[in-house]
Structures are given as structure tokens and as C-alpha cells.
Amino acid sequence: MATIKFFIQSKKNPATIYVSFSTGFKSVFKRKTDFNINPDRWSSETNFPKPDDENLKKLKTDLKGLATEIEKKLNIATAAGVEISGDWLQEQMDIILGKQKKTDVDRLTNYAQIYIDSLPTKELSNGRSGSSKATIQKYTALLHKIEGFETYKKKQ
């Protein structure tokens, strides 16, 4: 059974809130969240913000929501046989919190489009300029296949 706890490591204001995620003995992962708090407003007994005002109540709700979503994603990953690691935890938190990373796939599709756009003026080895319409169509079809695969992978 997984255990999710939140904690702070600093006494300086603002302190970053961390998540500790344990899936068993010797499987404890720690990552920063995007949340900060005044250390005086943190309860070390409950491992949540003291509910003194509306902002702290909302922060507590957000942290509980993050923990719930991590648990849901853990159940899906465990059923699929995915290896759980600190990188997995960070990736899931990025997805939950809406952070998008640039990936090599994004760069590949961007580069492919630039290459296709340059084909009509490309200098060929036989001295001619420009590629044939069929060549441009082939590269464009390949780009569409890569984009389709990218969309498929994002849905998983």
C-alpha cells in the first residue's frame, strides 16, 4: 500500500512543500511540489497547512487532491506493470499540475515541418533545385504518421 505525506524542510519563508511517496520498504521517493507556505502556518502533526484562513484551506484541499490523483495514477500504473520510481512520481505530478515538458517528439515534428517547407528550394546533388511533388507528399505523410503516434501516446 502506498503512503503519501507532505512536509517542509525549511524554516525560511516561503518554504517549499515536498511530497514523500512510499510504495514499500526501501521504495521512498521525495519530490518538490509547486506549492509554498510560511513555515509558521505548517502543522507538523497533520502534515498539512493550519486551516487559519481561506488560502490555507484551499492549499490543504489542493494537496489532498494531489495525493488522491497520485494514488489513482499509481493504481493504473501498477495494473499495467509500470515500474514506479521518483521519475515516475515527478512525471505524474507534472501531468496532474498541468506542467508540460518539451519532448524530443515535439522537436522532431517541428524539425520535420521545417525540412518539408525547405524541400521546394532544396539544392539537390545533381545540380537541380527543388524536390518533386511526390517527395514532398511522402515526407508530409511521414510527418502526419509521427503526429498521429504522438497523439496516441499522449492519450495513454
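**Entry 1: Asp-52 and Arg-41**

I looked up Asp-52 in this predicted model and found that Asp-52 forms a salt bridge with Arg-41, with the closest N and O atoms 3.0 Å apart. Asp-52 lies in the loop between strand S5 (48–49) and helix H1 (54–80), and Arg-41 in the loop between S3 and strand S4 (42–43), so the pair ties together parts that are eleven residues apart in sequence. I then checked accessibility: Asp-52 is partly exposed at 46%, and Arg-41 is partly exposed at 38%.

**Entry 2: Lys-99 and Asp-34**

I next searched the whole structure and noted seven salt bridges. One of them joins Lys-99 to Asp-34, with the closest N and O atoms 3.4 Å apart. Because Lys-99 lies in the loop between helix H2 (86–96) and helix H3 (104–118) while Asp-34 belongs to strand S3 (residues 28–37), the pair ties together parts that are 65 residues apart in sequence. Lys-99 has a relative accessibility of 37% and counts as partly exposed; Asp-34, at 43%, is also partly exposed.

**Entry 3: Lys-57 and Glu-54**

I found a salt bridge between the side chains of Lys-57 and Glu-54, at 3.9 Å from N to O. Lys-57 and Glu-54 are three residues apart in helix H1, which means that about one helical turn separates them. Lys-57 is partly exposed, with a relative accessible area of 40%, whereas Glu-54 is exposed, at 59%.

**Entry 4: Aromatic rings**

I turned to the aromatic rings and counted seven aromatic pairs.

Phe-7 is in strand S1 and Tyr-18 in strand S2 (residues 15–22), eleven residues apart. Tyr-18 is buried, at 14% relative accessibility. I also noted one aromatic cluster formed by Phe-21, Phe-29 and Trp-88.

**Entry 5: Charges over rings**

Finally, I asked which residue lies over the face of Tyr-18. Lys-30 does, at 5.3 Å from the ring centre. I found Lys-64 over the face of Phe-48, at 5.5 Å from the ring centre.

Conventions. Residues numbered from 1 in each chain as written. Predicted model: local features only at pLDDT ≥ 70, side-chain atom pairs only at ≥ 80, totals over all residues. Heavy atoms only, no water. Salt bridge = Lys/Arg side-chain N within 4 Å of Asp/Glu carboxyl O. Helix = DSSP H or I, 4+ residues; strand = E, 2+ residues; numbered from the N terminus. Buried < 20%, exposed > 50% of the residue type's maximum accessible area, 1.4 Å probe, protein only. Phe/Tyr/Trp six-rings, centres within 6.5 Å; stacked < 30°, edge-to-face > 60°. Lys NZ or Arg CZ within 6 Å of the ring centre and 35° of its normal.
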